[in-house]
Amino acid sequence: MKFVSYNQLSFKNTPYYNRLPSNEKEVFDILTSIFHFKVNTYVLDHLIHWDTIPNDPIYKLVFPRKEMLSPIDYNHLKTLYHNGLKSKDIIPFVQHIKQKMHPEVKHHSTSIPKENGQVIKGLYSNFKTIVSLFPDPMVKTCHSYCSYCFRWVAFNNFEAQHNASYKDPLTPVAFLKNNPQITDVLFTGADPLVLKAEVLKKYIDPILAIDSVKVIRISSKSLAWWPYRFTTDKDADALIAFFDYIIASGKHLNFCAHFTHPRELDHPEVKKAIQRIQNTGTVIRCQGPLVKDINDDPIIWSQLWTKQIQLSMIPYYMFIEANHNSENCFRIPLAEALHIFQEAQQQTTGLARTVRGPVFMNDLNRILLDGITEINGNTYFVLKSLQAPPETSSEGAIKLIPYNKDLKDLGDLFVLFNAPTPVLI
Ligand code: SF4
């Protein structure tokens, strides 16, 4: 299959645009003036079930939804469109909303490595043994965009990409050599596996020569969005050969696969792709967020983990959806999230006990919502810090929070687990 992707303009020229009910067309037209949209032929032809839109989960996973904006802003934009204003006349209001929707991602002041007092751009080191790397070509794009992604702000934004990434492949080398406690290196993005194998090699090769780095992690949704990347793409063989090469260097290669719905694992091409990756010795660990109206059902998670295990992958994390801004509408109450996780585990083979969840992941902490307990007649959520910045002593700490069945947000997790308040940038 040839990779063809569509943005908000070109999608309108596909037959699928005319399959949208008129109110969905309106939502699409309005919201794609704010949020980025990208979809490819595989997602359109094989993943979305067009007969069930707008309720189809994969449709909701790709297409923006009205609730991503406040009702006031949405209705204001709608009025502007209905008044027949041209796009250029709406730009100032669109810019105003975009600024409001800008996700606020916090970093601990010590999470951004420095050398000789200078910040090393494109590196984030929040936890003791791992550093996340953002080479410039990896932060550009994905095979398709997820409606719930807070990284939309960097798509097509060259300034944001420039500020958060590095261009010279040797940039992280000295830092990693000087910090031998860092055993794991995570390449993330956008989606690194959009890149050609030779570009990946240029950025990963210098890391392979560092003895203290034992694990290369690559985070990607390409298995769900474009499995042909590993089977029939022009350089699919080169990519698989590169995975072989990483393993031959003595490193463990961990493919952090992002799956949101069991349907993403049904197509024969995904199975072929998984097999090819596994034949190299790469281990695929699966993670994904729990999102309202897309996968907020224990049956869906049980099916997802069962299929992952059948395909010899490891269920790893169920995340609580980020809460930076527009993703807020994808969050469900924490009590419900915990119920879904526990119920799904009970319905699934014990091998799915490898999965941790529901987990809040932000750039500062990884916190597990571990259960509900009662003390002296009062009910509490039990939280456990799985990972925290090394300067703090909160890793492993347990906190009890008063139970509230409607609670969706615990506020600032860093403050909750750490005192005094850290310097944030
Ligand atoms: S694949 Fe990942 S980075 Fe890309 S849009 Fe989806 S969540 Fe965001």
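Rings of Phe, Tyr and Trp count as a pair when their centres lie within 6.5 Å. With that in hand, take a look at this predicted model and pick out one aromatic cluster, formed by Phe-11, Tyr-16, Tyr-17, Phe-28, Phe-37, Trp-50, Tyr-59 and Phe-63.

Take Tyr-148 and Phe-330, whose rings sit edge-to-face, 6.1 Å centre to centre and with 80° between the planes. What makes this pair handy for finding your way around is that it links distant parts of the chain, 182 residues apart. Tyr-148 belongs to the loop between strand S6 (130-133) and helix H6 (158-163), while Phe-330 belongs to the loop between strand S11 (314-320) and helix H13 (334-346). Both Tyr-148 and Phe-330 are buried.

Two cavities of 30 Å³ or more turn up. Where does the largest cavity lie? It lies between domain 1 (5-101) and domain 2 (108-289), because both of them give residues to its lining. This cavity holds about 100 Å³ of space, and 14 residues line it, with Phe-35, His-36, Tyr-145, Cys-146 and Ser-147 nearest its centre. By class, the lining has eleven nonpolar residues, two polar and one charged.

The second largest cavity has about 30 Å³ of space. Its lining is made of Leu-290, Ile-320, Glu-321, Arg-331, Ile-332 and Ala-337, which split into four nonpolar and two charged residues, with no polar ones.

Finally, follow the backbone itself. A cis peptide bond joins Ile-53 to Pro-54, with omega about 15°, and Pro-54 is in the loop between helix H2 (41-47) and helix H3 (57-62). Another cis bond runs from Gly-357 to Pro-358, where omega is near -15°; Pro-358 is part of strand S12 (residues 356-361).

Two residues other than glycine have a positive phi: Asp-293, near 65°, and Asn-376, at about 50°. Are they buried or exposed? Asp-293, in the loop between strand S10 (283-290) and helix H12 (298-310), is partly exposed, with a relative accessible area of 35%. Asn-376, in the loop between strand S13 (366-375) and strand S14 (378-387), has a relative accessible area of 75%, so it counts as exposed.

How values were computed:
Residues are numbered from 1 along each chain as its sequence is written. This is a predicted model: local features need pLDDT of at least 70, side-chain atom pairs count only at pLDDT 80 or more; totals for chains, interfaces and linings use all residues. Side-chain values use heavy atoms; hydrogens and water are left out. On a 1 Å grid over the protein atoms alone, a cavity is a set of points where a 1.4 Å probe fits but cannot get out, and a pocket is an open set with protein on both sides within 12 Å along at least five of seven lines; lining residues have an atom within 4 Å of a point. Grid points are joined across faces, edges and corners, and a volume is the space filled by probe spheres set on the points. Ala, Val, Leu, Ile, Met, Phe, Trp, Tyr, Cys and Pro count as nonpolar, Asp, Glu, Lys and Arg as charged, and the others, Gly among them, as polar. Domain bounds come from an automatic or database domain assignment. Rings of Phe, Tyr and Trp (its six-membered ring) pair if their centres lie within 6.5 Å; planes under 30 degrees apart count as stacked, over 60 as edge-to-face and the rest as tilted. Helices (H or I, at least four residues) and strands (E, at least two) are DSSP runs, numbered from the N terminus. Buried means under 20% relative accessible area, exposed over 50%, partly exposed in between (1.4 Å probe, protein chains only).
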